[in-house]
Amino acid sequence: MAGYDGEKLWILTEIDGVEFAARATLLFGEDNKVTGQAPCNSFFTKQTKPYPWIGFDPIGSTRMACPEMNKETLFFNTLGKMTLAEVSGDVMILSNDSGRQMVFKAAPTDG
């Protein structure tokens, strides 16, 4: 999906205006595949709507426990409710009609 710039690894920086103090990433790949790393587990899903809309199939993940499970639950629950994506340079904002928002920044690239 060209609008999501599948060349970039997106790192979550905040949810609903609050800094996200754990690492979570999104990577948009070919054939609408979306993969990433939540605070504890790697995950996979499929993007179901064309840019600028966003939607995901049910999210599958590995099932390891860690001290940041509450942050992981927040990440997955919020991600599943996002409906709109805006990409501007190295910033991607996912949002929905309820006013919820996730802000991602592109990981630095070599070169």
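**Entry 1: ground rules**

Before anything else I wrote down what buried means: under 20% relative accessible area, with exposed being over 50% and partly exposed in between, using a 1.4 Å probe and protein chains only. With that in hand I looked up Thr 25, and it counts as buried because its relative accessibility is 4%.

I noted that this is a predicted model, where local features need pLDDT of at least 70, side-chain atom pairs count only at pLDDT 80 or more, and totals for chains, interfaces and linings use all residues. Residues are numbered from 1 along each chain as its sequence is written, and side-chain values use heavy atoms, with hydrogens and water left out.

**Entry 2: the whole chain**

I went through the elements and found one helix and nine strands in the protein chain. For the record, helices (H or I, at least four residues) and strands (E, at least two) are DSSP runs, numbered from the N terminus. Reading along the sequence, I get β-β-β-β-β-β-α-β-β-β.

Next I checked the overall size. The radius of gyration is taken over C-alpha atoms, and the globule rule is 2.2 Å times the number of residues to the power 0.38. For 111 residues a compact globule would come out near 13 Å, and the protein chain has 13 Å, so the two agree. The C-alpha trace spans about 35 × 35 × 25 Å along its principal axes.

I also looked at how much is hidden: buried residues are 36% of the 111 residues. The protein chain exposes about 6300 Å², and carbon and sulfur atoms supply 52% of that. These areas come from the Shrake-Rupley method with a 1.4 Å probe, and for residues only the protein chains shown count as cover.

Then I looked at contacts, meaning heavy atoms within 4.5 Å. Among contacts between residues at least 6 apart in sequence, 45% join residues at least 24 apart.

**Entry 3: the helix and the core**

Which residues of helix α1 are buried? In α1 (residues 69–79) I listed Glu 72, Phe 75, Phe 76, Thr 78 and Leu 79. They pack against β1 (9–15), β3 (25–28), β5 (42–46), β6 (60–61), β8 (91–95) and β9 (101–106).

A nonpolar core is a set of buried Ala, Val, Leu, Ile, Met, Phe, Trp, Tyr and Cys residues joined through side-chain atoms within 4.5 Å. The largest one has 23 residues, and Leu 26, Phe 75, Leu 94, Met 102 and Phe 104 touch the most other members. Two or more residues of this core come from each of β1, β3, α1, β8 and β9.

Thr 25 sits in strand β3. Not counting residues up to four places away in sequence, Thr 25 touches Leu 9, Trp 10, Ile 11, Thr 35, Gly 36, Gln 37, Phe 43 and Phe 75.

Leu 79 is in helix α1. Leu 79 is buried because its relative accessible area is 0%. Not counting residues up to four places away, Leu 79 touches Leu 26, Phe 43, Phe 56, Ile 59, Leu 94 and Met 102.

Pro 39 is in the loop between β4 (33–37) and β5. Is Pro 39 buried or exposed? Its relative accessibility is 15%, so Pro 39 counts as buried. Beyond its neighbours within four places in sequence, Pro 39 is in contact with residues including Phe 20, Arg 23, Cys 66, Lys 71 and Glu 72.

I kept one rule in mind here: most residues other than glycine have a negative phi, and most peptide bonds are trans.

Asp 31, in the loop between β3 and β4, has a positive phi of about 55 degrees although it is not a glycine. Asn 32 is in the loop between β3 and β4, and Asn 32 has a positive phi of about 65 degrees. I checked their cover too: Asp 31 is exposed at 57% relative accessible area, while Asn 32 is partly exposed at 29%.

Last, the peptide bond from Tyr 51 to Pro 52 is cis, with omega near 15 degrees. I placed Pro 52 in the loop between β5 and β6.
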